[in-house]
Structures are given as C-alpha cells and as structure tokens.
Amino acid sequence: MAYPGYGGYGSPMLPQGMRGGPMARPALNHMVGPTLGPMGGAPPQGGGYAPYGVGYPGTYGGLAPAANDPMWGYFTAIAGQDGEVDAVELQRCLTQSGFTGTYNPFSLETCRIMIAMLDRDYTGKMGFNEFKELFVALNGWKQNFIMFDRDSSGTVEPHEMNQAISSMGYRISPQALNAVIKRYNKGGRIYFDDYVACCVKLRALTDTFKRRDTMQQGSVHFGYDDFILCTMSI
C-alpha cells in the first residue's frame, strides 16, 4: 500500500527535452547535481521515502572536491572566512548569477529558509555539500514552476499551485492546500519567490516529520519544545 503524504523531491534525472532543462554548457542557473527530480521531485515509489539529498566528497577547508566540479568555484567565491555560506551571501550569489532569470530575485527571507532547510546543526549557514544539495532542489522547483507558468508572467494561479504541489508527490488535504495558497499568494497569484519559499517549507517540515515517523504511519508525537524548534527554525 502506498504511504500517503510524503513527496517533494526524488532521484530521477530531469528529461533533457523538458523546457528549461539542463544546458550542455554549465552555468549556475542550470547546474544540476546527480539527483534531480522532474518537476521538483517524483512521488516515492512503493511507499518509501525519496532519497534525502546526495553526498559529495570534500568540504570547504577539508579535502578538495574534483577539479572539474563547477560548483566549487561558485561556492569558494561567496563563502565567508569560516568556509560556509550565510543567507546574505546566498542571496548575493543567486542574484548575481541570474538564477531566477526574468523572475524577481529571491528575498533575503527566502534565502534564510533555504539555508534552514539544510541546516541540520542550526548554525544558520551551509557548507559545500549543502550548497550543492540546495541547487539540486532549486533546479527541480524551477522546472516545475516554468511548466505551470505557461504565459511566462512569473506567477502561477492557485489551481496551478495545487497541481504543482501534487506533481511533487505531496498528498495533503484540500484544507491544507487552501491554507498554503492563502499564505503564499499575492493578489490571487503566486510569484516565483513565494513559490520557492513554499516548496522549501514543505520539504523542510516533511523531512522533520518523516525523521520522527519511523514506522511510516503518518503520525508522530511532538513535545512542545521539539515542535517549537522544528517549526520556528524554518
């Protein structure tokens, strides 16, 4: 029986023919890691969870990654003296690289929750592995948004947002979907920045939930302090 509720990112490679897919020549706004889910992630198969990210050899300040890894140059160019990237540095990187294309640049708040999604030690920063993992997710979400933004307006309508969330493998109630739409729409439409912020929060909260749902029953017990930690850190 398929396990309900979890989705958001998967492991199949993005089809080369998809609009906005990976380019032959690498550029930051088209960079993909070894696992990129079509439309931001496929539903888990056979009731299992999608793989959580990928491992990359080497970290900043440690063993150097492969010399031909194009992401290493981007990372070292923006990382602070501590060898990690904070929200301000991430926002600068995403803006200067033109990742959002014709869409509005990411807000600082969206960049904060991007880091929080992968900040498992609560430092408020990310290392090289997390930096690459983030771009895998961002590329998937961008392809998903482009597919539903058929008029290239930089926005999607509420019913398209519902379809986008479902396409990423999430199975949530109409009431929950309605709450999501109310939270992230502006004037009845969802902009790319808000769309990504929504995807980040859905993934982060789902990850938090599934780490505690060890029996895959769709329910967990949260202590009050644990609940506050999980929700307020995103």
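Helices here are DSSP runs of H or I of at least four residues, numbered from the N terminus. The model on display is predicted.

Begin with the largest pocket, which holds about 490 Å³ of space. To centre the view, select Ile172, Lys201, Leu202, Leu205 and Thr206, the closest to the pocket's centre among its 21 lining residues. Next, colour helix 6 (174-184), helix 7 (192-212) and helix 8 (224-232), each of which supplies at least two residues of this lining. Helix 7 gives the largest share, with 7 residues.

Proceed to the second largest pocket, where about 180 Å³ of space is found. Its lining comprises 14 residues, and those closest to the centre are Ala116, Asp119, Tyr122, Thr208 and Arg211. Helix 3 and helix 7 each contribute at least two lining residues; the largest share, 5 residues, is again that of helix 7. By class, this lining has 7 nonpolar, 2 polar and 5 charged residues.

Now select Thr110, which belongs to helix 3 (residues 108-118). Thr110 counts as buried because its relative accessibility, 3%, is under the 20% cut-off. Beyond its neighbours within four places in sequence, Thr110 is in contact with Asp193, Val196 and Ala197.

Cys199 takes part in none, and the nearest cysteine sulfur, that of Cys198, lies 5.6 Å away. Cys199 is buried at a relative accessible area of 2%, and Cys230 is buried at 5%.

Terms used: Residues numbered from 1 in each chain as written. Predicted model: local features only at pLDDT ≥ 70, side-chain atom pairs only at ≥ 80, totals over all residues. Heavy atoms only, no water. Disulfide = S-S within 2.5 Å. Buried < 20%, exposed > 50% of the residue type's maximum accessible area, 1.4 Å probe, protein only. Contact = heavy atoms within 4.5 Å. 1 Å grid on protein atoms, 1.4 Å probe; cavity = no way out; pocket = protein on both sides within 12 Å on 5 of 7 lines; lining within 4 Å. Points joined across faces, edges and corners; volume = space filled by probe spheres on them. Nonpolar A, V, L, I, M, F, W, Y, C, P; charged D, E, K, R; others polar.
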